[in-house]
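Please examine the structure shown here.

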Amino acid sequence: MAKAPARAAVLKGMRAALRLQRDLGLDQAGARGHRVDVFGAIYRQNVPLLFRKLEPLLGAYLREEGNPGIILTTRRPLGQQRFTAAHELGHHVLNHDPHADDDSILRRSPDLAGDYMNLPPAEQEADAFASYFLLPDWLITTLMQRQHWTPQHLQHSDIVYQLALRVGASYRATLYALVRNKVIGAGIRQQLAKAQPATIKRALVPDHTIESTQNIDVWHLTERDEGAVIEAGRDDLFVVKLREDSNSGYLWNFDELQNAGFARWSFI
Ligand SMILES: [Zn+2]
């Protein structure tokens with residue numbers, strides 16, 4: 001098996017992603033722990049970003065008479081848009097030729113070997129760029145510390161899903177990054193990959209009927225999310241589990257949430 005080309009492509013994509021994060025200050029103290037602002041990064045590279053109803057394409061990197069541009073479909077959930085955006089940004093940063101991408105970019109990964117080796121090197125490089133740009137090791141480490149998640153916790157699909165929400169990547173892309181970062185092993189990843197996000201979401205809100213989970217995420221928020229910026233979709237659900245103890249001054253006021261437009265359906 002010819003492993004060398006993929007390894008070289010992964011290294012090239014990784015280095016470009018880490019360099020851009022450093023140049024944009026994304027890995028600095030204040031920004032650490034927040035999901036990487038990929039759309040902002042494209043803007044700061046002076047690359048016009050357009051959203052269109054593309055189907056079946058997810059996105060494309062364009063260059064018209066030397067002028068770069070990135071186009072993304074509106075017909076996908078935010079996590080997939082963000083990954084596509086990072087992949088197209090990779091094409092730009094790595095000086096690739098214009099390229100259009102369909103949803104195979106979401107399914108493939110270097111550790112699946114086989115067909116992956118037959119991909120053009122530019123695609124392998126853009127994939128690696130996207131993974132390292134959205135899911136850098138420092139972001140995973142920071143979130144694990146903040147949430148008190150150990151590698152053992154991350155052997156559970158529901159915790160991996162909560163990590164995926166906070167980094168703004170798909171469940172699958174998050175699993176891949178956890179293996180890469182040696183938090184979980186490849187065998188655990190294979191097991192966890194069988195879990196369906198729809199099942200995980202429904203398990204979090206057993207008393208609530210969700211017709212379609214495709215465009216809805218279910219956030220499990222605790223005190224450990226205090227101060228974090230939660231970038232949620234408009235239909236997302238929040239399960240808030242907080243300690244309440246009037247003797248020690250822990251009293252929560254939910255009126256503010258309702259005033260901010262949140263619908264409340266129950267408190268446990
Ligand atoms: Zn591509």
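Predicted model: local features only at pLDDT ≥ 70, side-chain atom pairs only at ≥ 80, totals over all residues.

Residues are numbered from 1 along each chain as its sequence is written, and side-chain values use heavy atoms, with hydrogens and water left out.

**Helix 8**

- Helices are DSSP runs of H or I with at least four residues, numbered from the N terminus.
- Nine of the ten residues of helix 8 (residues 171-180) are buried, so this helix is largely enclosed by the rest of the structure.
- Buried means under 20% relative accessible area, with a 1.4 Å probe and protein chains only.
- Among the buried residues of helix 8 are Y171, L175, L178 and R180.
- The cover over these buried residues includes helix 5 (121-134), helix 7 (157-167) and helix 10 (197-204).
- After helix 8 comes K182, whose phi is positive, near 60°.

**Residue T174**

- T174 belongs to helix 8 and is buried, with a relative accessible area of 1%.
- Leaving aside neighbours within four places in sequence, T174 is in contact (heavy atoms within 4.5 Å) with residues including L135, V160 and L163.

**The largest nonpolar core**

- A nonpolar core is a set of buried Ala, Val, Leu, Ile, Met, Phe, Trp, Tyr and Cys residues joined through side-chain atoms within 4.5 Å.
- The largest such core has 61 residues, and those with the most contacts inside it are L89, F129, F133, L154, L178 and I184.
- Domain 1 (1-134) and domain 2 (205-259) both give residues to this core, so it lies between them; the domain bounds come from an automatic or database domain assignment.

Note on methods
Buried < 20%, exposed > 50% of the residue type's maximum accessible area, 1.4 Å probe, protein only. Helix = DSSP H or I, 4+ residues; strand = E, 2+ residues; numbered from the N terminus.
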